[in-house]
Amino acid sequence: TGSTDLARRAGEVLGRELAAMGINVNYAPCADVNMNPQNPVVGIRSFGEDPQAVARLTAAMMQGIQSQGVAATAKHFPGHGDTSNDSHYGLPTLPHQLERLEKVEFLPFQAAIAAGIKLIMTAHISLPALDGPNAPPATLSQNILQNLLRRQLGFEGVIITDAMDMRAIKQGE
């Protein structure tokens with residue numbers, strides 16, 4: 001609906017139900033801006049293709065979840081919405097320059113950080129603009145996790161990873 005009030009209320013319901021079962025962490029909301037119609041993984045988990053709207057709705061849902069004593073997780077940092085590959089099967093690349101990444105992909109995560117998100121889940125995607133032509137998955141990039149997420153964006157909470165058995169993370173090599 002695009003309503004921050006409804007997103008917050010939905011988050012409250014999710015948080016209340018999880019807390020009633022004794023669960024204190026939710027791996028939601030999805031903070032990805034779903035820009036690529038060929039994206040095989042984000043889909044309806046995203047709040048849409050408008051970075052400003054995704055930022056507002058991500059922060060609202062997160063606040064609702066956390067208002068019930070359940071820690072929320074913004075995922076998939078630094079943004080999996082403009083990829084056309086599935087990180088379960090290979091390493092997607094975000095080919096954009098830093099200025100574009102700041103305006104689109106990073107915006108919802110900045111909003112979540114400003115609103116007090118407790119956890120951020122990393123994505124197994126490469127960002128050549130930040131890590132060069134042979135960029136590793138963001139999950140394994142000190143530059144992205146320490147310099148960008150911690151220092152530049154000021155995130156002080158818990159960083160967790162998406163599944164480490166996904167094919168974007170090389171196995172047994």
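Helices here are DSSP runs of at least four residues, numbered from the N terminus. The model is a predicted one. Asp5 and Arg9 both lie in helix H1, four residues apart, which is about one turn of the helix.

**Salt bridges**
- The count of salt bridges comes to five.
- Asp5 forms a salt bridge with Arg9, with the closest N and O atoms 3.4 Å apart.
- Asp5, Arg8, Arg9 and Glu12 are linked in a network of salt bridges.
- Asp5 is partly exposed at 35% relative accessibility, and Arg9 is partly exposed at 44%.
- In helix H3 (residues 98-103), Lys103 and Glu99 also lie four residues apart; their closest N and O atoms are 3.1 Å apart in a salt bridge, and both residues are exposed.
- Glu105 and Arg100 meet through their side chains in a salt bridge of 2.8 Å, N to O.
- Glu105 is buried, with a relative accessible area of 3%, whereas Arg100 is partly exposed at 23%.

**Nonpolar core**
- The largest nonpolar core holds 30 residues, of which Phe77, Ile117 and Ile120 touch the most other members.
- Helix H2 (51-66) is one of the elements that each supply at least two residues of this core, and the largest share, five residues, comes from H2.

**Strands**
- Seven of the seven residues of E2 are buried, so strand E2 is largely enclosed by the rest of the structure.
- Strand E1 (residues 25-26) runs parallel to E2 and is joined to E2 by two bridges; Asn26 stands opposite Ala72 in E2.
- Four bridges join E2 to the parallel strand E3 (residues 119-122), where Leu119 stands opposite Thr73.

Notes
Residues numbered from 1 in each chain as written. Predicted model: local features only at pLDDT ≥ 70, side-chain atom pairs only at ≥ 80, totals over all residues. Heavy atoms only, no water. Core = buried A, V, L, I, M, F, W, Y, C linked by side-chain atoms within 4.5 Å. Buried < 20%, exposed > 50% of the residue type's maximum accessible area, 1.4 Å probe, protein only. Pairing = 2+ DSSP bridges. Salt bridge = Lys/Arg side-chain N within 4 Å of Asp/Glu carboxyl O.
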